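Me: I'd like to go through this one with you. Start with the surface charge, please.

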Amino acid sequence: MRGSQGGKRRSAPSPHATYQSGWAGDAAGAERAVRDVLTRSPDSPDGLLVLGLAQRRTRPADAPVTLRRFLTVAPHHPAAAEITRLLDR
């Protein structure tokens, strides 16, 4: 038995939840963290979402491209309508 988890691996929180809970004040840190996710899974909807939101602060010119890719990959994601409104501003 390994620790209190009984040998079971705990799944990592989604990139979106991680961004919302702790990285929102550190956009550059969020961008660095999510790039690892995107290296393993380039079409990760949450990864693209977090990257696009972080880029709004770190690289504003790149953010719309990333957020549009997010919408292409996950048009029915719970955040899709909000991101669409954000891009239409």
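Reply: Patches are made of residues with over 30% relative accessible area (Shrake-Rupley, 1.4 Å probe, only the protein chains shown as cover) and no salt bridge, like charges being joined within 9 Å. This is a predicted model, where local features need pLDDT of at least 70, side-chain atom pairs need 80 or more, and totals for chains, interfaces and linings use all residues. Numbering runs from 1 along each chain as its sequence is written, and side-chain values use heavy atoms, without hydrogens and water.

Me: Which residues gather in the patch of positive charge?
Reply: Arg56, Arg57, Arg85 and Arg89. Lys and Arg count as positive, placed at NZ and CZ.

Me: What are the distances for Arg35 with Glu31 and Arg59 with Asp62?
Reply: The closest N and O atoms are 3.0 Å apart for Arg35 and Glu31, and 3.3 Å for Arg59 and Asp62. Glu31 is buried at 10%, whereas Arg35 is partly exposed at 36%.

Me: Where do Arg35 and Glu31 lie?
Reply: In helix α2, four residues apart, so about one helical turn separates them. Asp36 and Arg40 are also four apart in α2, and their salt bridge has a closest N to O distance of 2.9 Å.

Conventions:
Patch = residues over 30% accessible without salt bridge, like charges linked within 9 Å, V, L, I, M, F, W, Y side chains within 5 Å. Salt bridge = Lys/Arg side-chain N within 4 Å of Asp/Glu carboxyl O. Helix = DSSP H or I, 4+ residues; strand = E, 2+ residues; numbered from the N terminus. Buried < 20%, exposed > 50% of the residue type's maximum accessible area, 1.4 Å probe, protein only.
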